[in-house]
Amino acid sequence: MKARAREILRVERLSKTFGGRVPACSAVSFSLRQGEVLGIVGESGSGKSTLLRCLAGRIQPDEGKVLIASDDHIIDLWTMDEASREQFLPTTVSLIHQNPRDGLRLDISAGGNIAEPLMAAGGRHYGSLRTTALEWLQKVDIEKRRIDDLPEIFSGGMQQRLQIARGLATHPRLVLMDEPTGGLDVSVQAKLLDLLRSLVRELGIAVVVVTHDIGVARLLADRLMVMQRGRVIEEGLTDQVLDDPHHAYTQLLVSSVLQG
Amino acid sequence: MKDTIMTILVSVDGLSKAFTLHTQGGAEIEVFKDVSLEVLAGECVCLHGPSGAGKSTLLRSLYANYKPDAGQIIVQHGGESIDLVSAEPWEVLEVRRHTMGYVSQFLRVIPRVVTIDVVAEPAIAIGIPADEAHAKAKALLARLSIPERLWSLAPATFSGGEQQRVNIARGFMVNYPVLLLDEPTASLDSANRRSVVELINEAKARGTAIVGIFHDEEVREAVADRLFEVGHSSVRKSRRRTATAEAVA
C-alpha cells in the first residue's frame with residue numbers, strides 16, 4: 001500500500017485578533033500532506049481569509065506556528081527573519097487571490113506575468129522562460145497568441161486563469177486559494193473549477209482553498225474544515241462533513257444550499 | 001471452515017448511529033444501535049428490513065460517508081486491519097481507492113465530465129493506464145447496454161436507469177475486495193437486472209465481499225447468501241431540545 005504522503009504544512013494553535021476585538025482566528029491547528037486539498041468553508045467574517053493570509057506570510061499571527069516543509073527541513077514561517085521569509089515564500093507558497101487584479105501585474109504582458117515569478121526563482125534564459133509561459137498559457141486555456149497582450153484587456157475569467165498559471169508555474173509546494181471562483185459568472189466558474197481540479201490532480205500539490213461555496217468545496221476538496229467566529233467547529237472528509245454534518249452551524253450551511 | 005477467520009474482510013462491532021437535526025429543533029433520530037456484522041470473502045450479505053429501518057444509513061456508514069457514534073468497522077486493507085470509524089481522512093480515502101467500492105442509489109458525479117471518463121476514473125485514480133481503463137470502461141458500458149453514442153456525453157441529461165447503469169459500471173471498474181451496493185437494480189429493466197446479477201456473481205466468484213440492499217426479490221434470490229435484519233434492535237425516538245433550537249436561531 002502507498003505510504004503516507006509527506007507533510008507539507010502544519011499549523012499549530014494559530015490565533016490572530018485585530019484591534020483587541022473578537023479573535024479572527026482562535027487556536028486553529030491542522031496538517032496538510034502532499035497531494036491533499038483542504039477546503040475551508042464558513043461565511044464572511046468566520047476568519048478563513050485571515051487564516052489563509054497568516055499561512056501566506058501576509059499577516060503575522062499573534063500566537064501559534066505555521067510550519068512549512070522545505071527541501072530537507074521544516075521552516076517555521078513566523079520565527080524566521082523577514083529577509084529569509086521573503087526569499088523562501090515565492091518559491092514555496094503561492095497565493096491565488098479572489099480578485100485576479102490583486103495577484104497579477106496588469107502593466108506587464110501575460111507572458112511576463114508567468115515569467116516574473118520564475119525569474120525571481122532564478123530562471124534567466126529568455127527562450128526557456130518564454131517556452132514555459134507558452135506551455136502554461138495552453139494549460140490554462142489561453143490562446144498562445146495572447147502572450148504579449150496586457151492582462152488589463154482580458155476578461156475576468158481569463159485574468160483568473162492567468163493568475164493561476166502565474167501561481168503554479170514555479171511548482172510551489174503549497175498553493176493557497178482565496179475564493180478562486182468568486183466574482184465570476186457561473187459558466188466561467190464551472191470552467192475554472194474543471195481547470196483547477198485537473199491541475200491539482202496532475203501536479204499533486206498541497207492546496208488550501210477557502211470558499212463560501214459548498215459546491216466548490218465538494219468538487220475540489222478531499223477534506224473540509226468548517227469555521228465559525230474564528231474557530232474550527234467541524235472537520236473531516238469532505239463527503240462526511242457535507243452529507244453527515246454534526247455541528248448546528250454546518251447543518252445550517254449545508255441545508256441552505258439550493259438543490260440544483 | 002478452519003480458515004474462515006482469514007477471510008473476514010469486513011467486521012462491524014457495536015456500531016451505533018443517531019442523527020441530531022439542529023435545524024429542526026434538535027430532533028434526535030436513533031437509526032441503529034449496537035450492530036455487529038461480519039462479511040466473508042466471496043459472500044453477499046443482503047441488508048433487510050422495512051423502508052426507513054436504516055439500511056442505507058448503515059451502508060453509508062460502512063463506506064465512512066456517515067460518521068457512526070460508536071463501534072468499529074474493521075476492513076482488511078492491503079494486509080492491514082483499518083477501523084474506518086477512527087481512521088484518518090487520508091486512510092479512508094486509501095481504503096476507498098483500493099479496497100472498498102460503493103454504488104450509491106443515485107449517480108452523483110462531477111458536472112461536465114463525460115460518461116466514459118466518469119466510469120474509467122476509479123481505475124485511473126489507482127494508476128491503471130488510461131488505455132486499459134478506457135477499454136474496461138467501454139466493455140462495462142456495453143454490457144450494461146449504454147448506447148455507444150452516449151459514452152462521450154456527460155450523464156447529467158441521461159434517464160434515471162441510464163444514470164444508474166453508468167453508476168454501476170463505475171462501481172465495477174476496479175476489482176475491489178469489498179463492494180457496497182445500494183439498490184443497484186432499482187430502476188432497471190429485466191435484461192439489465194440480469195447483467196447486474198451476473199456482474200455481482202462474477203465479483204463473488206473472485207472473492208469480493210458484498211453488502212447490499214436489494215429490494216427486488218428475484219435479484220436478492222440470485223445474489224444474496226444471507227439476510228441481515230436491520231431495524232430490529234433500533235428504537236426510534238424523537239425529542240425536541242429547545243436549547244439547541246435557540247442556539248441555532
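Two strands pair if DSSP finds at least two bridges between them. Keep that in mind for chain B. One caution before we start: this is a predicted model.

Which strands does β8(B) pair with? One is β3(B), residues 44-48, in the parallel sense, over 3 bridges. Look for Cys44(B): its bridge partner in β8(B) is Ile210(B). Another is β7(B), residues 178-182, also parallel, over 5 bridges. Here Leu181(B) has Gly212(B) of β8(B) as its bridge partner.

Now, how do we get from β7(B) to β8(B)? Helix α6 of chain B, residues 190-205, belongs to the story. Together, β7(B), α6(B) and β8(B) make a right-handed β-α-β unit.

On to the nonpolar core. The largest one has 134 residues. Which residues touch the most other members? From chain A they are Leu176(A), Val207(A), Val208(A) and Leu220(A), and from chain B they are Val119(B) and Ala169(B). Take Ala169(B) as an example. Leaving out residues up to four places away in sequence, Ala169(B) touches Val119(B), Ala137(B), Leu140(B), Leu141(B) and Leu144(B).

Where do the chains meet? On the chain B side, 18 residues are in contact with 20 residues of chain A. Two helices of chain B, α2 (89-98) and α8 (242-248), each supply at least two residues of that side. The largest share comes from α2(B), with 5 residues. By type, the chain B side divides into 10 nonpolar, 5 polar and 3 charged residues.

Now chain A as a whole. Chain A has 10 helices and 10 strands. Its radius of gyration is 18 Å, close to the 18 Å that the globule rule gives for 260 residues, so chain A is as compact as a globular protein of that length. Along the principal axes, the C-alpha atoms of chain A fill a box of roughly 55 × 50 × 50 Å. How much of chain A is buried? The share is 46% of the 260 residues. Then look at contacts between residues at least 6 apart in sequence. In chain A, 65% of these join residues at least 24 apart.

Zoom in on helix α4 of chain A, residues 110-120. Its buried residues include Ala110(A), Asn113(A), Ile114(A) and Leu118(A). What do the buried residues of α4(A) pack against? They pack against α5 (126-139) and α6 (156-168) of chain A. After α4(A) comes Gly122(A), with a positive phi, near 110 degrees.

Last stop: Leu150(A), in the loop between α5 and α6 of chain A. Why is Leu150(A) partly exposed? A residue needs 20 or more other C-beta atoms within 10 Å to be buried, and 12 or fewer to be exposed. Leu150(A) has 16, so it is partly exposed. Setting aside residues up to four places away in sequence, Leu150(A) touches Leu106(A) and Ser109(A). Arg13(A) is another matter. Leu150(A) and Arg13(A) are 137 residues apart in sequence and 42 Å apart in space, C-alpha to C-alpha.

Methods:
Residues are numbered from 1 along each chain as its sequence is written. Chains are lettered from A and ligands numbered from 1 in the order in which they are written. This is a predicted model: local features need pLDDT of at least 70, side-chain atom pairs count only at pLDDT 80 or more; totals for chains, interfaces and linings use all residues. Two residues are in contact if their C-beta atoms, placed from the backbone, lie within 7 Å. Helices (H or I, at least four residues) and strands (E, at least two) are DSSP runs, numbered from the N terminus. Ala, Val, Leu, Ile, Met, Phe, Trp, Tyr, Cys and Pro count as nonpolar, Asp, Glu, Lys and Arg as charged, and the others, Gly among them, as polar. A nonpolar core is a set of buried Ala, Val, Leu, Ile, Met, Phe, Trp, Tyr and Cys residues joined through C-beta atoms within 7 Å. The radius of gyration is taken over C-alpha atoms; the globule rule is 2.2 Å times the number of residues to the power 0.38. A crossover is right-handed if, with the strands pointing away from the viewer, the path from the first strand over the helix to the second runs clockwise.
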